[in-house]
Amino acid sequence: MLYEFVKQHRQKRIGERTKEGKEARWQRYIEPAWGDCPISLVTRRSAQEWVTELEDQIESGQAGTLGLAQLEGIRTDLHALFESLDSFSPDYEDRKNPFAGLEFTPRPPRAKVTIESSAFAAVHNACSTFASEGLCTPWIAEMFLTSLLAGLRQGETLALCADQLDFENGAITVDRSMRRKSRAIDPRTRLEVGGIERQAIHLPKGGTPSNTKTRTVPMTDQLAGILQKAVSRSRTNVSGWDLVWPGETGKLRELTRVNTAWQTLRKRLNELAVLAPLAHNGNRWPEPEGARGWQKNPLVAKARADASLRLPDIFGDIDYRDTRNSFASYMNEVGISQATREHLLGHGGGLTNTVYTVTTSAAFQDARTRLTQGWDML
């Protein structure tokens with residue numbers, strides 16, 4: 001009854017995706033343990049024992065797919081649930097929240113990996129070669145390089161359209177993004193239309209009709225070459241958006257397909273980094289491990305002969321999101337201010353929303369020039 005009360009009265013303003021996550025955690029983890037338990041029996045001690053037991057199961061590998069990240073969400077849901085006791089019934093207005101102040105194992109932060117700018121040229125060359133040799137799909141190489149050289153989120157890259165690209169002024173207008181479990185926006189009015197879709201083009205992260213979170217990011221000469229090639233390629237669009245990298249059906253490319261293609265590209269980059277290491281001391285080169293159906297990497301021999309083609313050994317742990325860390329570090333290296341970096345990455349604070357609305361502003365052009373010229377100093 002408490003859970004149904006909270007669903008009805010305390011979850012009116014949260015998004016559909018968040019609601020679905022809470023519902024899934026309730027059905028799978030919370031309801032079996034607490035669903036039929038009287039509120040009077042839910043004490044701080046019983047709550048602590050339950051959390052500790054789950055942590056022990058996770059550590060010993062007996063918790064199945066449950067991890068510390070999910071457990072953190074479960075604890076947050078239960079904390080919010082019992083924070084509503086006083087509203088649920090006046091009988092509990094003086095009742096303390098049993099899930100407040102529990103001892104728990106903090107979730108370790110995700111290890112961020114940064115591609116240093118000195119490796120940008122080698123990464124660009126590797127991705128281009130892999131695409132031309134058929135070792136990865138060309139669109140995933142172009143998407144990855146776009147995120148690396150412009151700091152775009154994966155959803156922003158997926159939803160990138162030709163009308164966002166200003167080659168004359170060297171700018172990309174980021175005013176849309178792919179969102180999961182969301183309604184779509186109309187290409188003309190930018191208002192929500194239709195029902196909830198598995199994948200839909202919407203406003204950028206945190207965007208609302210009153211504050212769209214639109215920003216403009218520099219398009220360097222190197223990135224312009226990549227995007228011009230992508231735009232010139234014939235493609236089919238049936239969604240009302242002129243997508244740069246549409247799926248086979250002409251609509252948004254399926255995220256599962258993107259993730260599979262990204263894993264292939266990442267494995268290829270990691271293979272090159274491992275077999276032609278930067279810190280080679282003149283001894284024997286590492287031997288490749290036999291992989292059935294895995295085509296030979298032509299860049300390995302070239303990288304062994306030319307050190308400028310070698311990659312740092314970081315691609316075994318890298319995530320697509322790390323392109324943003326790398327771009328942020330690059331901006332810092334070429335002397336772009338913190339406020340400008342925050343705006344170009346789409347972070348809150350540091351710059352007003354009116355800055356960079358004109359693509360020819362002096363500050364924007366200075367950032368673009370620094371990023372383009374910085375490539376020549378790598």
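How many salt bridges does the count come to?

Modeller: The count comes to 21 salt bridges. Keep in mind that this is a predicted model.

Start with glutamate 23. Its side chain meets that of lysine 7 in a salt bridge, at 3.3 Å from N to O. This pair links distant parts of the chain, 16 residues apart. Glutamate 23 sits in helix H2 (residues 16-34), and lysine 7 in helix H1 (residues 2-9). Glutamate 23 is partly exposed, with a relative accessible area of 23%. Lysine 7 is partly exposed too, at 31%.

Glutamate 20 and lysine 181 meet through their side chains in a salt bridge, at 3.3 Å from N to O. Here the partners are 161 residues apart, with glutamate 20 in helix H2 and lysine 181 in strand S3 (residues 177-185). Lysine 181 is partly exposed, with a relative accessible area of 36%. Glutamate 20 also counts as partly exposed, at 36% relative accessibility.

Next, look at aspartate 242 and arginine 235. Their side chains form a salt bridge of 3.1 Å, N to O. Aspartate 242 is partly exposed, with a relative accessible area of 35%. Arginine 235 counts as partly exposed at 26%. Elsewhere, salt bridges that share partners join Asp163, Asp175, Arg176 and Arg190 into one network.

The largest pocket holds about 1100 Å³ of space. Its lining counts 35 residues, and those closest to its centre are Arg17, Arg153, Met178, Arg180 and Lys205. The elements giving two or more residues to this lining are H2, helix H8 (154-158), S3, strand S4 (192-202), helix H10 (255-275) and helix H12 (322-333). Strand S3 gives the largest share, 7 residues. By class, the lining of the largest pocket has 15 charged, 13 polar and 7 nonpolar residues.

The second largest pocket holds about 370 Å³ of space. It is lined by 20 residues. Glu197, Gln199, Ser239, Lys251 and Leu252 lie nearest its centre. S3 and S4 each supply at least two residues of this lining. Strand S4 gives the largest share, 6 residues. By class, the lining of the second largest pocket has 8 charged, 8 nonpolar and 4 polar residues.

The structure holds 1 cavity of 30 Å³ or more. The largest cavity has a volume of about 40 Å³. Its lining is made of Glu55, Leu68, Leu71, Glu72, Arg75, Phe104, Thr105, Pro106 and Arg107. Helix H4 (residues 68-83) gives the most to this lining, with 4 residues. By class, the cavity lining has 4 charged, 4 nonpolar and 1 polar residues.

Then the sheet. Three strands form an open sheet in the order S1-S2-S5, with antiparallel pairing. Strand S1 (165-166) and strand S5 (215-218) stand at the edges, and each has a single partner strand, so one side of each is left without a neighbour in the sheet. Strand S2 (residues 171-174) is joined to S1 by 2 bridges. Leucine 165 has isoleucine 172 in S2 as its bridge partner. The hairpin of S1 and S2 has 4 residues between the strands. In this hairpin, glycine 170 takes a positive phi near 65 degrees. On the other pairing, 4 bridges join S2 to S5, and the two run antiparallel. Valine 174 has arginine 215 in S5 as its bridge partner.

Last, the cysteines. A search of the whole structure finds 0 disulfides. Take cysteine 127. Its closest cysteine sulfur is in cysteine 136, 6.6 Å away, which is too far for a bond. The cut-off for a disulfide is a sulfur pair within 2.5 Å. Cysteine 127 counts as buried, at 0% relative accessibility. Cysteine 161 is also buried, with a relative accessible area of 0%.

Conventions
Residues are numbered from 1 along each chain as its sequence is written. This is a predicted model: local features need pLDDT of at least 70, side-chain atom pairs count only at pLDDT 80 or more; totals for chains, interfaces and linings use all residues. Side-chain values use heavy atoms; hydrogens and water are left out. Buried means under 20% relative accessible area, exposed over 50%, partly exposed in between (1.4 Å probe, protein chains only). Two strands pair if DSSP finds at least two bridges between them. On a 1 Å grid over the protein atoms alone, a cavity is a set of points where a 1.4 Å probe fits but cannot get out, and a pocket is an open set with protein on both sides within 12 Å along at least five of seven lines; lining residues have an atom within 4 Å of a point. Grid points are joined across faces, edges and corners, and a volume is the space filled by probe spheres set on the points. Ala, Val, Leu, Ile, Met, Phe, Trp, Tyr, Cys and Pro count as nonpolar, Asp, Glu, Lys and Arg as charged, and the others, Gly among them, as polar. A salt bridge is a side-chain nitrogen of Lys or Arg within 4 Å of a carboxyl oxygen of Asp or Glu.
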